[in-house]
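Q: I've got a model open on my screen and I'd like to learn how to read it. Could you walk me through it, starting with the surface?

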Amino acid sequence: MAFFYGHLFAAEPEIRAMFPVSMQAQQRRFYRALTADASRDYLESLGRAHRKYGVHAGHYPAMRAALLATCRRSGLGAAGEAAALAAFDRAAAIMAEAAEADALLAPAWWTAEVTGHELAAPDVAIVTLRPSPALAWVPGQHVAVTCPRWPRQWRRYSIANAPRADGTISLHVRAVPGGLVSPALVHHTRPGDTLVLGPAEGAMTVDAGSRRDVLCLAGGTGLAPLLAITEAVTAAAGPRAAGPARREVVVYHGARTADGLYGLPALRALAARYPGLKVIAATSADRVPHAVHAAIPDIARRALLRDRDIYVSGPDAMIIATVRALLDAGADPRQLRYDLPG
């Protein structure tokens with residue numbers, strides 16, 4: 001993959017400006033697109049996502065030539081070259097078609113004015129944005145974000161609210177030690193600044209038609225999409241809903257330490273308006289008053305699962321461990337929702 005991109009950038013230098021300085025993630029995505037397990041859905045999402053980089057169908061021939069050179073350098077032989085090019089042609093056709101269809105519906109990217117910036121914890125900021133033009137999205141989805149300090153470095157952040165009349169969205173951002181974009185958003189971004197957003201993506205969306213009770217299991221800033229889903233569910237039911245109309249919503253807000261429970265004020269404000277909402281704090285390292293001392297996967301093994309829509313969000317490792325625990329405990333896979341964008 002390193003040779004492939006080196007050959008591509010040497011042949012077409014203007015393409016280099018479309019990509020970030022670090023190419024590791026991009027190399028992994030392209031390799032996956034060429035493998036047999038790359039689904040049509042994945043390739044279509046990749047084609048739509050590449051629009052924000054400025055990629056269009058005219059760039060694919062140069063990429064095909066670079067792939068052919070890579071195959072020959074690797075000594076794959078005629079059969080290997082043919083297989084690699086066939087995989088590329090399939091992926092390129094699906095990606096280009098998806099990008100072309102998406103261009104009829106939405107811009108490639110949005111500018112967004114920062115209208116609010118609140119430090120909810122020493123390393124967590126709630127950043128409120130007003131996208132222009134209006135951004136279409138569903139509670140539970142995420143957007144890619146880049147900032148002036150690190151252009152072309154895109155990071156995914158979940159939208160933390162249900163749709164608002166003013167069109168603004170809020171993101172929960174934790175400053176990752178040694179990171180680029182997240183420390184800039186947490187420590188160096190102010191109201192009036194402008195960020196750039198990609199389209200809303202993600203499969204862990206609220207099931208608006210369901211009448212089942214809801215269980216949300218959030219780790220860290222994985223609370224953001226579950227907060228949006230909770231807002232949407234409670235708003236749809238109405239504050240005075242009772243009996244069958246009231247869906248019970250249980251939200252576990254998990255963190256390692258007390259500082260990580262930054263979302264409790266917002267959750268408790270929602271619970272005050274919606275009696276069917278139960279908020280339970282959990283910490284895995286600290287022992288905190290009024291909080292369960294356990295990790296989210298351990299909580300999942302003991303939670304009431306029957307006939308509930310279950311949403312899981314947090315770091316990838318936590319999601320994987322929690323989903324395994326839920327399935328072992330008898331959760332219905334059809335009612336289990338989570339997102340692993342990586």
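Q: Which residues make the nonpolar surface patch of about 230 Å²?
A: First, the general idea: a patch takes residues with over 30% relative accessible area and no salt bridge, joining like charges within 9 Å and nonpolar side chains (Val, Leu, Ile, Met, Phe, Trp, Tyr) within 5 Å. Accessible areas come from the Shrake-Rupley method with a 1.4 Å probe, and for residues only the protein chains shown count as cover. Here I320, Y338 and L340 make the patch. I320 sits in helix α11 (residues 316-328), and it is partly exposed, at a relative accessible area of 36%. On that scale, buried means under 20%, exposed over 50%, and partly exposed in between (1.4 Å probe, protein chains only). Helices (H or I, at least four residues) and strands (E, at least two) are DSSP runs numbered from the N terminus.

Q: Before I go on, what kind of model is this, and how are things counted?
A: It's a predicted model, where local features need pLDDT of at least 70, side-chain atom pairs count only at pLDDT 80 or more, and totals for chains, interfaces and linings use all residues. Residues are numbered from 1 along each chain as its sequence is written, and side-chain values use heavy atoms, with hydrogens and water left out.

Q: How many salt bridges does the structure hold?
A: A salt bridge is a side-chain nitrogen of Lys or Arg within 4 Å of a carboxyl oxygen of Asp or Glu. The structure holds 15. One of them pairs R40 with E44, 3.6 Å from N to O. These two are four residues apart in helix α4 (residues 40-49), so about one helical turn separates them. R40 is partly exposed at 43%, and E44 is partly exposed at 22%.

Q: What does the bridge between K278 and E248 tie together?
A: Their side chains meet at 3.0 Å, N to O. K278 lies in strand β9 (residues 277-283) and E248 in the loop between α8 (223-237) and β8 (249-255), so the pair ties together parts 30 residues apart in sequence.

Q: Which residues do salt bridges with shared partners join into one network?
A: Start with a simple pair: R301 and D298 meet at 2.7 Å, N to O. Shared partners join D207, R212, R247, D309 and R337 into one network.

Q: Where is confidence lowest, and where highest?
A: pLDDT is the predictor's confidence in each residue, from 0 to 100. Where it is low, the predicted coordinates should not be read in detail. The chain averages 90, and 96% of the residues score at least 70. Confidence is lowest in helix α3 (residues 24-34), at a mean of 78, and highest in strand β5 (residues 169-174), at 98.
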